[in-house]
Amino acid sequence: MTQKAIIVGLHDAKKAHLRWISRVEDLVGNALSDSPLIESSATECVLGKWLISEFKSLDRNSKIYTSFATVDTLHKELHDLYLDILALKSGKGQNKMMFGIQKIVLWWHPILSVSSQIKKKYHLLKDKSEELFAALDVLEGAISMHGAQIFKYTGKVASNAMGPGS
């Protein structure tokens, strides 16, 4: 695989992630009654599959290993937040960390409380998504800068760095 192909794959993964976030937003806003099109696993979505594919062939001593690891961590955290939202929507997460005044509010207005918890988790998910995109931009810059040296130890990319106009 060439450096250009890796970057094209990254761009496709970013686009898929934007669609994923949009579907989560629809689910939170009740435009979707279920989540059949939203991958809950960080390894099943397009970005996750791209990460697995590229990360496994990456030399741990490469200059961008840390960037890949950061993206992977942020991506997993994002999916964990989505799973929290699903649990709240299904009613399984309603009693999570409820005590004191919050417990009274839940008893008095359970729908408002769960709804506010879902919105809070969704805002955290949006913030995490922005962090992820920033990390993906850093990763793309590193791939562009270091080119073929990134994967040369595993033989994944030959020495065909992208030149101007690529």
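Figure 1. The side chain of Glu140 meets that of Lys14 in a salt bridge, 3.2 Å from N to O. Lys14 lies in helix α1 and Glu140 in helix α5, so this pair ties together parts that are 126 residues apart in sequence. Lys14 is itself buried, with a relative accessible area of 12%.

**Figure 2. Asp137 and Lys14.** The side chains of Asp137 and Lys14 form a salt bridge with an N to O distance of 2.6 Å. Asp137 sits in helix α5 (residues 110–146) and Lys14 in helix α1, 123 residues apart. Lys14, by contrast, is buried at 12%.

**Figure 3. Glu39 and Arg23.** This view shows another of the seven salt bridges found in a search of the whole structure. The side chains of Glu39 and Arg23 meet at 3.5 Å, N to O. Glu39 lies in the loop between α1 and α2, and Arg23 lies in helix α1, so the bridge ties together parts that are 16 residues apart in sequence. Is Glu39 buried or partly exposed? With a relative accessibility of 27%, Glu39 counts as partly exposed.

**Figure 4. The aromatic pair Trp20 and Tyr82.** The model holds two aromatic pairs. In the pair shown here, the ring centres of Trp20 and Tyr82 are 5.4 Å apart and the ring planes stand at 65 degrees, so the pair is edge-to-face. The angle decides the label, because planes over 60 degrees apart count as edge-to-face. Trp20 belongs to helix α1 (residues 3–28) and Tyr82 to helix α3 (residues 65–90), so the pair ties together parts that are 62 residues apart in sequence. Trp20 and Tyr82 are both buried.

**Figure 5. The aromatic pair Trp50 and Phe68.** What is the arrangement of the rings of Trp50 and Phe68? They are stacked, with 5.7 Å from centre to centre and 15 degrees between the planes. The stacked label follows because planes under 30 degrees apart count as stacked. Trp50 is in helix α2 (residues 46–55) and Phe68 in helix α3. The two residues are 18 apart, and the pair links distant parts of the chain. Both Trp50 and Phe68 are buried.

**Figure 6. Ser129 and its contacts.** Ser129 has its place in helix α5. Its relative accessible area is 6%, so Ser129 is buried. Which residues is Ser129 in contact with, leaving aside neighbours within four places in sequence? They are His17, Ile21 and Leu78.

**Figure 7. Helix α3 and the residue after it.** Helix α3 has 26 residues. From its first C-alpha to its last, α3 reaches 38 Å, close to the 38 Å expected at 1.5 Å a residue. Gly91 follows α3. The phi of Gly91 is positive, near 90 degrees.

Figure 8. The pLDDT averages 77 over the chain, and 70% of the residues score at least 70. Over residues 93–101 the pLDDT is below 50. That stretch has 14 contacts in the model beyond near neighbours in sequence. Residues 152–166 also have a pLDDT below 50, with 26 contacts beyond near neighbours in sequence. Where pLDDT is low, the predicted coordinates should not be read in detail.

**Figure 9. The chain as context for the close-ups.** The chain has five helices and zero strands. From the N terminus on, its elements run α-α-α-α-α. Of the 166 residues, 40% are buried. Among contacts between residues at least 6 apart in sequence, 73% join residues at least 24 apart. The chain exposes about 9,700 Å², with carbon and sulfur atoms supplying 58% of it.

Notes
Residues numbered from 1 in each chain as written. Predicted model: local features only at pLDDT ≥ 70, side-chain atom pairs only at ≥ 80, totals over all residues. Heavy atoms only, no water. Phe/Tyr/Trp six-rings, centres within 6.5 Å; stacked < 30°, edge-to-face > 60°. Helix = DSSP H or I, 4+ residues; strand = E, 2+ residues; numbered from the N terminus. Buried < 20%, exposed > 50% of the residue type's maximum accessible area, 1.4 Å probe, protein only. Salt bridge = Lys/Arg side-chain N within 4 Å of Asp/Glu carboxyl O. Expected span 1.5 Å × (residues − 1). pLDDT = per-residue confidence, 0-100. Contact = heavy atoms within 4.5 Å. Areas by Shrake-Rupley, 256 points an atom, 1.4 Å probe, with all protein chains shown as cover.
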